Amino acid sequence: MPKGEDQAERLARLAREAHERAAAHDLAADGGEASDAHHHPAEAATDAEARERELRAHLRLLEEEERLLRLAEAAQRGEYGICADCGQEIPAARLEIVPDAERCVSCQEAASGGRRR
Ligand SMILES: [Zn+2]
């Protein structure tokens, strides 16, 4: 039983870390050097791209947080580490490396078309 608790705690901690990293993305940081106006269209494009990258990274972290919170709840119910496809236990070593794994290795490979990237 304490095993599930530990997993829930670990996942909750990872979720908090993702949240903090997301919060560290200062999405309102576009005002900073605005007074330093030498604004080429090319630079504006670069700014927009950088901001979009930031935003995407931010959203990814929020998604990660959400997934980890879901898994923390699953762990409290003792349902964490069960493959979503075949229902087998996902090896602890895999969960160690990929805490938000939802499938065992073979199902994950099958799900991604057998290709690894
Ligand atoms: Zn599986």
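Along the sequence the pattern reads α-α-α-α. This is a predicted model: local features need pLDDT of at least 70, side-chain atom pairs count only at pLDDT 80 or more, and totals for chains, interfaces and linings use all residues. Residues are numbered from 1 along each chain as its sequence is written.

Helix α2 covers residues 41-76, 36 residues in all. From first C-alpha to last, α2 reaches 53 Å, close to the 52 Å expected at 1.5 Å a residue; the expected span is 1.5 Å times one less than the number of residues. Just after α2, Gly-78 takes a positive phi of about 75°.

Of the protein's 117 residues, 13% count as buried, meaning that 20 or more other C-beta atoms, placed from the backbone, lie within 10 Å of the residue's own. In α2 the buried residues are Leu-68, Leu-71, Ala-72 and Ala-75. An α-helix has 3.6 residues a turn, so residues three or four places apart point the same way.

These four residues also belong to the largest nonpolar core, together with Leu-11, Ala-15, Ala-18 and Tyr-80. Such a core is a set of buried Ala, Val, Leu, Ile, Met, Phe, Trp, Tyr and Cys residues joined through C-beta atoms within 7 Å. Helices α1 (2-24) and α2 each supply at least two of its residues, and the largest share, four residues, comes from α2.

Key: A residue is buried if 20 or more other C-beta atoms lie within 10 Å of its own, exposed if 12 or fewer, and partly exposed in between; C-beta atoms are placed from the backbone.
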